[in-house]
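This report describes a protein model through its chains, selected helices, a sheet and its charged pairs. The sequence and structure are shown first.

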Number of protein chains: 2
Amino acid sequence: MKNKYFSVLPIGGVEEIGSNMTLIKTDSEQIVVDCGMLFPYEECFDINYLIPDFAALDASKLTTIIITHGHEDHIGGLAHFLKEFPEVTVYTTKFTLSLIQRKLEEHKVSFQYKIYEPDSELSFKSVNVYPVHVNHSIPETSGLIIRTKDKSWGALYISDFKVDLNSKHEAPIDFRRIKQLLSECKKTAYFLDSTNILNDGKTTSEGELLSDLRSLMDREEDRVFITLFASNVHRMNEIAKMGKASGRKLVIMGRSLKTYMEAAFETGHSDLAPDEFYMPDQAKGLTGKMLVFLSGCQGDFLSALRRFSFGEDSTFKPGPKDVVVFSSKVIPGNEKKIYRIYNKLTEFGATIITASDHLIHASGHPGKEDLHLLMKNFTPDFYFPIHGESYFLKKHYDFIKESYPTVRPYLIYNYQEVILGDDAVKIEEHESKEPRLIHGKAIEIEKTQVSQRRKMATQGAVFISYHKSIGHIEITTLGLPLMAQDLIDNLKKKLLEQIRKDLVSREETYFKDQVKISTRQFYNNFLGYKPMTEVHLY
Amino acid sequence: MKNKYFSVLPIGGVEEIGSNMTLIKTDSEQIVVDCGMLFPYEECFDINYLIPDFAALDASKLTTIIITHGHEDHIGGLAHFLKEFPEVTVYTTKFTLSLIQRKLEEHKVSFQYKIYEPDSELSFKSVNVYPVHVNHSIPETSGLIIRTKDKSWGALYISDFKVDLNSKHEAPIDFRRIKQLLSECKKTAYFLDSTNILNDGKTTSEGELLSDLRSLMDREEDRVFITLFASNVHRMNEIAKMGKASGRKLVIMGRSLKTYMEAAFETGHSDLAPDEFYMPDQAKGLTGKMLVFLSGCQGDFLSALRRFSFGEDSTFKPGPKDVVVFSSKVIPGNEKKIYRIYNKLTEFGATIITASDHLIHASGHPGKEDLHLLMKNFTPDFYFPIHGESYFLKKHYDFIKESYPTVRPYLIYNYQEVILGDDAVKIEEHESKEPRLIHGKAIEIEKTQVSQRRKMATQGAVFISYHKSIGHIEITTLGLPLMAQDLIDNLKKKLLEQIRKDLVSREETYFKDQVKISTRQFYNNFLGYKPMTEVHLY
């Protein structure tokens, strides 16, 4: 490869869903696109989130991070990123900026930013970046076109989008701009969203939901509760207006809905004014026709929806005259949590309405028909499925290979750098780094320590202290069946005997290890598993 | 209510899926139907399973347990049941008996049993019970008709079934017998399966899968791997025969497949002989055309499928020339585990085929059309949705209410006793008991203890011992971020100061409590959460 123009290195998001982060590299410069969080696999007990590892970034060349939109899997790692790279400028749109500011304030991180418009040109040392308006499930989402100054290469990068021809709130994805900017280039590549590739058809438009949503507002029940993804402020705005038109008082319950709505009020994405909504403390004792928005459509443990559904909310209790609407889908992995909520609401007698009953939810990602529309508008030379688990990337790859024989698709994963050269593409593999686990006050916790948590969670813990000079032993347990506590006297006797016989004169590490081994063995005989054991010795 | 004939009291399975157990009560006798296990909600760390509480049973009246079929949610609690009620006779069919014997042998529980035929009559003091052949996803599944001797009441109870008109291995559900036995009764009731009520159509027949399954056996790849629910031995038998016919060697990997196949060999449910299958130790180095059955279609942690997919199996490693077939569905809650397996296999280059790609899985539960067929055959006076989470029971209730205006449906949950009286039905609510948690060597673990595990899993643990006479303190931690260990010296200093100032002369409980409070507070300031803390004092 004689000339290398620029390269695209995915650090997160291409293998699993979440923690999206991509590095655009030229010889002289590094530009990061997005810095998101990943929600943990269930075995990482209570870990709040994971963020990408930043080891691949070169602080001396890194000038810029461009944010494509305000979802957590694109901005959730930003506070950690800016702590490590405080000099970097954040490029973002107004609405997303408002979300970022709220988040960074919490983390007490200050930062410099520039606001970009969807039809602007961002000029860097050897490439230009052109934001492109796309449709998604949150306002102000952009794709990016990256072009070399000499137009020898142009790449379209859209991690999240759909083609929405009937949205009430925004224009369709800007096909004209994509075609215009890329057809000037000698070689072109697409990097596109794989999330919804199992859908053979066209993703539903937000506009198609309005009629069913309206019919729900017109129901005779006084109280309609509704939950949806808080970031979908356009849909929330439409539902609120319909609720108001049906004579319902509007109530917002839950922090995340409040946050997104505040950003919407601030940046012109709401047709209603803040004072048209009741907040929970103002809603106590409210009667008559009302529409109550509940945060937490995924059944999150501390959410307003869960609290309400379990009868634990102090403002509203569910009852047989209530309707609860889920204008959302179940994200894989959350099924059990959400079904528990359905069950609880059913047991209180409430009526549940989901997207299986009415057309009240639309995905924000492209089905195969959406991708066909984009390919019809402009067909690139190379194609890279991104934003998806490996299985989805492969399905996306197969789809392109079968449908577009002139296009060359590649299957890439995190840490595989796509180098755009003269007439060719080269893939260079880098050592991959696992995402970092974040817990509590935004503190990193190491894998070894999470593994200790797992052991205590599944096998309990035993604490033993032994006082040599008085020959006294104390044993307490946590997380063992009560019958195991009844065995403590036997264990004491056994250990004291072993100490007297073999351990009394041995050095500390050996002593502790032997006591540990015997204790774990002792319990294993009764329980079938070995508790974590800690020994103190005096 | 003048005369009370008999009553039906669900103890498990009517509110959540699993731990099915129902009590048939007359004045003089108690008959239990099934005793299953429930798989835990994810928050019960590593708990193996839950079983129903037996407090509602009266040992002096309890003579019989009837097993409807051999799924774990119907027989998984039997060892615990028979330990508490060793005098009870188990009524079962041959195949199910073979499964039960294997299970009880492991638990070292002996028992007495009687084998029933699907067209027999089991006579008890005041009722007769008539097993009825039904279709399901495991051989030898029965519904039960319970009739008073004087035929004033007849109830059909089928917790799991579908209507399969095209199975190769068994006759369709015995509609004739249901109609005949119930139409002789004055009053009748149905207790029926709600699992698949969200399906508006007809459940697919096992026979309809054969053509797509056969086409997979004819693929050109040498190695076809296939996973399915181990209990579906009829399907396994068909697939094995097709594999053999395509010239493939047959391999069985995984304990649960082996167990069910052994029961099938023993009781005439396999057309192949045991020696036509290779076991893992015989399959090492096997080449050429083969069909490998893998246990663990739900992605279970210790299963053959997971081991293979992660490249950790010593006999077979996945590669680009392999096909892996999922003749199964994803049980809600297992999505993440199964998608990880899809991802791993994709990364090894293997081709994945699921029931979304071909017609290769059929549910064992009735869709609405199946229920219509049953209702068309015979329509009862009363109707009780069972076997399902509350949300599904309600959907089932709504369906019957809308479709059959002459039928009176009731929504019942666990511990609501249905009393069948002269002309009416009465529901009597009993105090409900939570299922019991079982872990390790089949030992019960209390909720309080599981809650300790949860706290250690999410907040770590600190172990402190203090030696008064020498004024020495030792502190160790488990499951805390490494930065928290760097803080131990600060914590020691702080605690020693507090002890010297306030605690040195206080009594033990107060001393320990104060040290705990300070420690948890100390870490909370840094981490944002409070570790479990244990204190020993000398």
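## Overall organisation of chain A

The model is predicted. In chain A, residues 24 or more positions apart account for 71% of the contacts with a separation of 6 or more. The chain contains 16 helices and 29 strands. Its C-alpha trace spans about 85 × 70 × 45 Å along the principal axes. Of the 538 residues of chain A, 60% count as buried.

## The interface between chains A and B

The contact between the two chains involves 78 residues of chain A and 78 residues of chain B. Together the chains bury about 6,600 Å², and 57% of this area is on carbon and sulfur atoms. Lys336(A), Tyr391(A) and Tyr538(A) supply 11% of the area that chain A buries against chain B, more than any other three residues.

Between chain A and chain B there are 4 salt bridges. One of them links Lys395(A) to Asp357(B), with the closest N and O atoms 3.1 Å apart. Lys395(A) belongs to helix α12 (residues 390-403) of chain A, while Asp357(B) is in the loop between β19 (351-353) and α11 (368-377) of chain B, so the pair joins two chains. Asp357(B) has a relative accessible area of 32% and is therefore partly exposed. Another salt bridge pairs Lys512(B) with Glu474(A), where the closest N and O atoms are 3.4 Å apart.

Helix α10 of chain A comprises the 13 residues 335-347. The buried residues in α10(A) include Glu335(A), Lys337(A), Ile338(A), Tyr339(A) and Ile341(A). Tyr342(A), Asn343(A), Leu345(A) and Thr346(A) are also buried in α10(A). After this helix comes Gly349(A), which has a positive phi near 90°.

Helix α12(A) has 14 residues and reaches 20 Å from its first C-alpha to its last, close to the 20 Å expected at 1.5 Å a residue. Its buried residues are Ser390(A), Tyr391(A), Phe392(A), Leu393(A), His396(A), Tyr397(A), Phe399(A) and Ile400(A). Within this list, Tyr391(A) is also one of the three residues named above for the area that chain A buries against chain B. An α-helix has 3.6 residues a turn, so residues three or four places apart point the same way.

## A parallel sheet in chain B

In chain B, 6 strands form an open sheet with parallel pairing, in the order β16-β15-β17-β14-β18-β19. Its edge strands are β16 (277-278) and β19 of chain B, each of which pairs on one side only. Strand β18 (residues 322-327) of chain B is joined to β19(B) by 3 bridges, and the two run parallel. In this pairing, the bridge partner of Val325(B) is Ile353(B) in β19(B).

Helix α5 (residues 210-217) of chain B lies across β14 (223-228), β17 (290-294), β18 and β19 of chain B. The helix runs at about 145° to β14(B).

## Charged residues within the chains

Over all chains, the structure holds 52 salt bridges. Side chains of opposite charge can pair when their charged atoms come close. In chain A, the side chains of Asp313(A) and Arg307(A) form a salt bridge with an N to O distance of 3.3 Å. Asp313(A) counts as buried because its relative accessibility is 3%, whereas Arg307(A), at 32%, counts as partly exposed. In chain B, Arg436(B) and Glu444(B) meet in a salt bridge at 3.1 Å, N to O. Arg436(B) is buried, with a relative accessible area of 16%, and Glu444(B) is partly exposed at 31%. Salt bridges with shared partners also join Arg102(A), Lys258(A), Glu262(A) and Glu266(A) into one network.

Glu221(A) is placed in the loop between α5 (210-217) and β14 (223-227) of chain A. With a relative accessibility of 18%, Glu221(A) falls under the 20% limit and therefore counts as buried. Leaving aside residues up to four places away in sequence, Glu221(A) touches Arg248(A), Lys289(A), Lys321(A) and Val323(A).

Notes:
Residues numbered from 1 in each chain as written. Chains lettered and ligands numbered in written order. Predicted model: local features only at pLDDT ≥ 70, side-chain atom pairs only at ≥ 80, totals over all residues. Heavy atoms only, no water. Helix = DSSP H or I, 4+ residues; strand = E, 2+ residues; numbered from the N terminus. Expected span 1.5 Å × (residues − 1). Buried < 20%, exposed > 50% of the residue type's maximum accessible area, 1.4 Å probe, protein only. Pairing = 2+ DSSP bridges. Contact = heavy atoms within 4.5 Å. Axes fitted to C-alpha atoms, helices over the stretch in contact; angles between N-to-C directions. Buried area = accessible area lost by both parts, 1.4 Å probe.
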